[in-house]
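Subject: Structure handover

Hello,

Here is the structure I promised to pass on. Please open it first, then read my notes below.

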Amino acid sequence: MQKRYLRPDGTSIAANLLVTRFSDPDRLISTLFWHEGGRDLPPARLWEAALRIRHVHDARVKLFGADLSTDPIGSLLIGIYLAEAEGRAVGLNQIATYADVAISTATRWVAVLRQRNIIDAQADATFNLQLTRAGLDRVEAMLTTVYEAPDASIMLM
């Protein structure tokens, strides 16, 4: 929902209010965001970018087959990010299924991501994989690039 808010100086700003209802009917999460120069993208746009990346991956699987569409790290990171953004806990079994990799492959990559401080090493991987603050910052920086136009001169090289 978009609303207009008045600032103390009398100017107004259009802001978006996003309310998400989870499976528990007593649990609502709301986010208020607006765009100002220099401000980071709002959570809803980052979530949308993650969904778009997942959509492109699914299309690639349909068009070229799963064997030509592997990106286990990217799929793991997007799956964990989406679970957190949607208020869900995701464990090793679910993330392996999401990334379409064997449990052993997911376990190996989760260990690497933990060593690099991208996934929380303290959380129980069986039930709750979570990004660290540094991991979240990196994934959100990656998602932000979905909205950045590439430099055409670099593309021609």
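A nonpolar core is a set of buried Ala, Val, Leu, Ile, Met, Phe, Trp, Tyr and Cys residues joined through side-chain atoms within 4.5 Å. Please keep in mind that this is a predicted model.

The core comes first. The largest one has 26 residues. Those with the most contacts inside it are Ile80, Tyr81, Ile95, Ile119, Leu129, Leu131 and Leu143. At least two residues each come from helix 1 (43–64), helix 2 (72–85), helix 3 (92–99), helix 4 (103–115) and helix 5 (133–144). Helix 2 gives the largest share, 7 residues.

Next, helix 2 against helix 3. Their axes lie 9 Å apart, at an angle of about 125°. The two helices are therefore oblique to each other. The crossing is right-handed. Helix 2 brings Pro72, Ser75, Leu76, Ile78, Gly79, Ile80 and Leu82 to the contact, and helix 3 brings Ile95, Tyr98 and Ala99. By class, 8 of these residues are nonpolar, 2 are polar and none is charged. Leaving aside residues up to four places away in sequence, Ile95 touches Leu76, Gly79, Ile80, Val90 and Leu129.

Then helix 1 against helix 2. Here the axes come within 10 Å and cross at roughly 140°. That makes this pair oblique too. Helix 1 passes helix 2 in a left-handed crossing. From helix 1, the contact uses Leu46, Trp47, Ala50, Leu51, Ile53, Arg54 and His57. From helix 2, it uses Ser75, Ile78, Tyr81, Leu82 and Ala85. The classes here are 9 nonpolar, 2 polar and 1 charged.

Best wishes

How values were computed. Residues are numbered from 1 along each chain as its sequence is written. This is a predicted model: local features need pLDDT of at least 70, side-chain atom pairs count only at pLDDT 80 or more; totals for chains, interfaces and linings use all residues. Side-chain values use heavy atoms; hydrogens and water are left out. Buried means under 20% relative accessible area, exposed over 50%, partly exposed in between (1.4 Å probe, protein chains only). Helices (H or I, at least four residues) and strands (E, at least two) are DSSP runs, numbered from the N terminus. Contact means heavy atoms within 4.5 Å. Axes are lines fitted to C-alpha atoms, for helices over the stretch in contact, and angles run from 0 to 180 degrees between N-to-C directions. Angles under 35 degrees count as roughly parallel, over 145 as roughly antiparallel, 65 to 115 as roughly perpendicular and the rest as oblique. A crossing is left-handed if the near helix is turned anticlockwise from the far one by less than a right angle, and right-handed if clockwise. Ala, Val, Leu, Ile, Met, Phe, Trp, Tyr, Cys and Pro count as nonpolar, Asp, Glu, Lys and Arg as charged, and the others, Gly among them, as polar.
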